[in-house]
Amino acid sequence: MTDGEIPESHPRYESLLTRHRIEEGVDKGITSRQGLIAQGRGEAFDYLLGERTIPSADDAERVAAAHLLLAEHPVISVNGNVAALVPGEVVELGEATSADLEVNLFNRTDERMTAIVDHLREHGAEDVKGLTADGRIPGLDHERAKVDADGIGDADVVVVPLEDGDRAEALGEMGKTEVVIDLNPLSRSARAADVPIVDNVIRAVPNVTEHARDLADADRETLESIVAEFDADEALAAAERAIRDGDGADAAED
Ligand code: PTJ
C-alpha cells in the first residue's frame, strides 16, 4: 500500500496514513522498531482527543511559532518517527522560521543517522545537522547526549517532537526554551516543556508553519506578548480535560 492507495474518504484516513508511513520508515531503516510502539501509544491518545487539533493545542502552536520567530538560533530536532511522518513538513517549518534541522536519536546508529539525513535531503533539506556530534547534553548517558555543538548545543529554542522524557528534561536544564509535541499530556516530556503541544505531529508541524507565516510580519512586541500570555500548565490541563470529558472519543468513533 502506498500513501496514494489509502482513500481520503476513509473515516480513519489520517490514522491509516500515519501507520503506513511509520511501517515504511521501519522498512527503510529510518524508524526504530520502538518507534512502532511509541506510535501505538500516541494513537491511543489521539483517539481520545478526537484525532483533531484541540483549541488549546492550536494556541500552543501559535506560541511555538512566536518563539521560533523570536529565537536567535532555533533548531528542530528530528528522530526516526518524525522523519517518517513529516519529513517535508519539518523542512518547510525550518524554512518558515529559519530554524536548523538536526537529527538526534534515542536509538542512535550510524546507519539510521545517515538514512534520516538522506531522507530529509530527498525532501528538500539543504543542510542537516547531527552527524558531527561534537557537543554533549550534560546529565545523559552517551548515545542520547550527542548533539552538534553548533546545532542543538548552541540553540536557544529547540523543537523536540516525540521526545523521551530524560532528554527533554536535560535539554530544559540547559536553559533552552523547549517546544515539545507529544500526544500524551501526562508525559514527562510534555511536562518539562516551556510550550507543550498536545497534538499529533502530523497536524502540529504544518500548523506551526502556518502560524509562523501568518506572524512573519509581526513586530517583536507582538511576538513577545503572544509568548508572555501563554500558560503551559493550563494548556496541559485543557488537553487532559478534553481526554477525560470524552468529547474527543465521540468525534473519532468509527
Ligand atoms: O528515533 P529514535 O531512536 O530517536 O526513537 C524515537 C522514539 C519515539 C521511539 C523514542 O523517543 C521513544 O521511545 O519515545 P517514547 O518514550 O515512546 O515517547 C514517545 C511519545 O510520543 C509518547 O508520549 C507518545 O504518546 C508520543 N507520540 C507518539 N506518536 C505521536 C506522539 N506524539 C505526537 N504525534 C505522534 N504521531
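A salt bridge is counted here where a side-chain nitrogen of Lys or Arg lies within 4 Å of a carboxyl oxygen of Asp or Glu. Side chains of opposite charge can pair when their charged atoms come close. In this predicted model, local features need pLDDT of at least 70 and side-chain atom pairs count only at pLDDT 80 or more, while totals for chains, interfaces and linings use all residues. Residues are numbered from 1 along each chain as its sequence is written, and side-chain values use heavy atoms, with hydrogens and water left out.

Across the whole structure, 19 salt bridges are found. One joins the side chains of aspartate 164 and arginine 144, at 3.2 Å from N to O.

Several polar contacts (pairs of N or O atoms within 3.5 Å) reach oxygen atoms of the ligand. A backbone N or O atom of glycine 80 lies 2.8 Å from one such oxygen, and a polar backbone atom of phenylalanine 106 is 2.7 Å from a ligand oxygen. Aspartate 182 contributes a polar side-chain atom, 2.9 Å from an oxygen of the ligand. Of the 740 Å² that the ligand exposes when taken alone, the protein buries 94% (Shrake-Rupley method, 1.4 Å probe).

Definitions and conventions:
A polar contact is a pair of N or O atoms within 3.5 Å; within protein, one must be able to donate a hydrogen and the other to accept it, and residues adjacent in sequence count only if both atoms are side-chain atoms.
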